[in-house]
Amino acid sequence: MSEKETQLQQCISRLRTRLLVMCATVGLALDDACAALATDNMGQAAAVVEGDTAVDALENEMDEAVLTLLALYQPAAQDLRFLVAALRIVIDLERIGDESAEVADCALKLQAPLPRPVQDHITILADAAVALYKKAVEAFRVGDIPTALELCRSDAESTRLEVQALRGVMEYFSDNGHKSGQSCAEIQSILVCRALNRICRRAANIGEHTVFIVKGVNMKHSVHTAALSDDVLDGAL
Amino acid sequence: MPANVYRLYTRNVNFFYHQAQALYGVSLAFPENRVTALIGPSGCGKSTFLRCLNRMNDLIVGARAHGEIILDGENINDARTDVVSLRRRVGMVFQSPNLFPKSIFENVAYGLRVNGLKKRSALSDKVEEALRRVAVFEEVKDRLHSSALNLSGGQQQRICIARALAVDPEILLMDEPASALDPIATQKIEEGIHELKNRLTIIIVTHNMQQAARVSDRTAFFYMGKMVEEDATDIMFTRPKRKETEDYITGRFG
């Protein structure tokens, strides 16, 4: 049997390209938000907040395109899995965009640069979030299952990093005579940590969707926690 | 589940039209009260296989089948099989409605008469029951004795199904039963299939992937005379195991 690209597959290829555009747009927003916070760059932070509308527009565009393809072509198998996963990935990307805007918004609300030790704690978490996101996009782009499975297992590490960052932030402000929750910098730092942790979790979701696209196995809600091994997944598809 | 717990299953069925082999070692089991769809490109052998199940191919000169087709423990390819009785137990509906140029009543009563039922009231009861089972009775009850050929295509096909059902088959074979019908008539046939499977085992050949996905519980994919893959329909249409199946159901087949 020879392979040929049908009209549906051509539409899916275009959709996939637009999805990667959305991945890149969100990735830039995340990078810029973290950089704006680290360098106290208000202009860059404001640009991230304003740029979120572009991400929202891409979400609407993707939604509409997927619904149209589902309605017109009634796809099956890998085409169906890709379209269903695309709808889910778009939601995760949009939320990562929102969380990036939240980080940027916190940067805008700070009245002064964060103290160095606080920024260092946040940077560790921010670097982890950026790395996980890049890994998730690349795993999706090339259908890399080992990396996608690694992402599926990353929640515990994300939580550990968030707790470590929060503890570091709170200890710093406590040690420097601030009453807990009274400092704007402390509150914004905590909000940033929460937002970064949510980005890590959304990146892990993209790993789950990649497994679903390639292997047809549902990794949501730890359905396959006990089966997070290549051996088990080898049986699928 | 091993094949021999099913009432109907095949084992290593090979089929030839003269020297040309059309089926290669097809083994497939049909769960009771379930719909099994046979899918595959034209010429893949699915209709040939379907017709093997009630020996309709016997009518073709030079056709011969080898292998076992077991119905209730007996090989229907055995020379001692009573073919008329077999076809009463394994009914068939074809692609196009093939009604006799008779009244609706006589069409549905035909098989009953062949099987020796003569009493008028019993015939009427059976005809009405069969027509109700395919949800066409209300549409035709006032013209049961007028020509069946005056009905719409969709109604004619449902009369054909009723005719097959009237003799109480245990298994119903359907060879693209809705391919010549409009979407509304197709929907009625599909709804009928959902109802009928409570009492029957149904095996349907269809070229319409969405129809196979909608009506069947299990799906078997045929290609070049071989049964390539068989599984629960939801699995076949979301995550088939074989690349050939994936290519066919996603239209990559070239």
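Start with chain B. Take its contacts (heavy atoms within 4.5 Å) between residues at least 6 apart in sequence: 66% of these join residues at least 24 apart.

Some ground rules. This is a predicted model, where local features need pLDDT of at least 70, side-chain atom pairs count only at pLDDT 80 or more, and totals for chains, interfaces and linings use all residues. Residues are numbered from 1 along each chain as its sequence is written, chains are lettered from A and ligands numbered from 1 in the order in which they are written, and side-chain values use heavy atoms, with hydrogens and water left out.

Now the build of chain B. The secondary structure comes to 10 helices and 10 strands. Those are DSSP runs, numbered from the N terminus: helices are H or I with at least four residues, strands are E with at least two. Along the principal axes, the C-alpha atoms of chain B fill a box of roughly 50 × 40 × 35 Å. A compact globule of 254 residues would have a radius of gyration near 18 Å, and chain B agrees, with 18 Å. That radius is taken over C-alpha atoms, and the globule rule is 2.2 Å times the number of residues to the power 0.38. Of the 254 residues in chain B, 52% are buried. Buried means under 20% relative accessible area, exposed is over 50%, and partly exposed is in between (1.4 Å probe, protein chains only).

One residue of chain B: N57(B). Where does N57(B) lie? It lies in the loop between α1 (46-52) and β4 (63-71) of chain B. N57(B) counts as buried because its relative accessible area is 2%. Its side chain reaches the backbone oxygen of T48(B) at 3.0 Å. The side chains of N57(B) and R51(B) are joined by a polar contact of 3.0 Å. A polar contact is a pair of N or O atoms within 3.5 Å; within protein, one must be able to donate a hydrogen and the other to accept it, and residues adjacent in sequence count only if both atoms are side-chain atoms. Setting aside residues up to four places away in sequence, N57(B) also touches F15(B), Y17(B), C52(B) and A63(B), among others.

Over to chain A. L19(A) sits in helix α1 (residues 7-39). L19(A) has 0% relative accessibility, so it counts as buried. Beyond its neighbours within four places in sequence, its contacts include M62(A), F82(A), I89(A) and F140(A). S158(A) is in helix α6 (residues 155-175) of chain A. At 2% relative accessibility, S158(A) counts as buried. With neighbours within four places left out, S158(A) is in contact with L125(A), L132(A), N197(A) and C200(A).

Last, the interface. Chain B gives 17 residues to the contact and chain A gives 16. How many salt bridges are there between chain B and chain A? The count is one. D79(A) and R252(B) form it through their side chains, at 3.0 Å, N to O. The cut-off is a side-chain nitrogen of Lys or Arg within 4 Å of a carboxyl oxygen of Asp or Glu. Six residue pairs are in polar contact between the chains, both residues at pLDDT 80 or more. On the side of chain B that touches chain A, α9 (233-238) and α10 (243-249) each supply at least two residues. The largest share of that side, five residues, comes from α10(B).
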